[in-house]
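Subject: Handing over a structure

Hello,

Here is the structure for you to take over. My notes on the ligand and the pockets follow below it.

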Amino acid sequence: MPEDTIFARIVRGEIPADIVYRDDLVTAFRDIHPIAPTHVLIVPNRVIPTLADATASDEAVLGRMLRVAADIAAGEGIAQDGYRVMINCRDHGGQEVYHLHLHLLGGRPLGPMMRR
Ligand code: 5GP
């Protein structure tokens, strides 16, 4: 069941995570294997498996995810230097957890988006 993703269990408080923000629509927590000094995941509280599954009725939560990412970046002190937000979608996008999540990455120069 999609409700049983590892991130849904974090949202429900069933498994521990370093939660940095939560509200009625989204929860943000630190990635367990960070690839940058700041690596926060922002997820919808209600499971949307992938970005490709989002519908018009999800526009509020999608917008909230981006705004919360910017607020967390400001709070982490990385907004001035800049940061990256990223969503991996399905197989070719390299998505591992099928619960939509936005990666907020920063705290060091991140280089080009992908190796060519
Ligand atoms: P994806 O490749 O699906 O875009 O990213 C999944 C991310 O979730 C990875 O960066 C991985 O390190 C992170 N992750 C996987 N399992 C857990 C977990 O149980 N807790 C936390 N905090 N992060 C996790």
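The ligand sits in the largest pocket. A pocket is an open set of points on a 1 Å grid over the protein atoms alone, where a 1.4 Å probe fits, with protein on both sides within 12 Å along at least five of seven lines; lining residues have an atom within 4 Å of a point.

Before you go on: this is a predicted model, in which local features need pLDDT of at least 70 and side-chain atom pairs count only at pLDDT 80 or more, while totals for chains, interfaces and linings use all residues. Residues are numbered from 1 along each chain as its sequence is written, and side-chain values use heavy atoms, with hydrogens and water left out.

**Around the ligand**

The shell has 16 residues, and D31, N88, E96, H101 and H103 come nearest. By class, the shell holds seven nonpolar, six polar and three charged residues. α1 gives the most, with three residues.

Now the polar contacts (pairs of N or O atoms within 3.5 Å):

- N88 places a polar side-chain atom 2.8 Å from an oxygen atom of the ligand.
- V97 has a polar backbone atom 3.0 Å from an oxygen atom of the ligand.
- I32 has a backbone N or O atom 3.3 Å from a nitrogen atom of the ligand.

The protein covers 84% of the 520 Å² of accessible area that the ligand has on its own. That area comes from the Shrake-Rupley method with a 1.4 Å probe.

**The largest pocket**

Its volume is about 520 Å³. Volume here is the space filled by probe spheres set on the grid points. The pocket is lined by 24 residues, with F7, D31, I32, L41 and E96 nearest its centre. α1, β2 and β3 (38-44) each give two or more residues to this lining. Helices have at least four residues and strands at least two, as DSSP runs. The largest share, three residues, comes from α1. The lining has 12 nonpolar, eight polar and four charged residues.

**The second largest pocket**

This one has a volume of about 410 Å³. Its lining includes I35, R84, M86, N88 and R115. The classes are eight nonpolar, one polar and three charged.

Over to you.

Terms used: A residue is near a molecule or strand if one of its heavy atoms lies within 4 Å of it. A polar contact is a pair of N or O atoms within 3.5 Å; within protein, one must be able to donate a hydrogen and the other to accept it, and residues adjacent in sequence count only if both atoms are side-chain atoms. A molecule sits in a cavity or pocket if more than half of its atoms lie within 2 Å of its grid points. Ala, Val, Leu, Ile, Met, Phe, Trp, Tyr, Cys and Pro count as nonpolar, Asp, Glu, Lys and Arg as charged, and the others, Gly among them, as polar.
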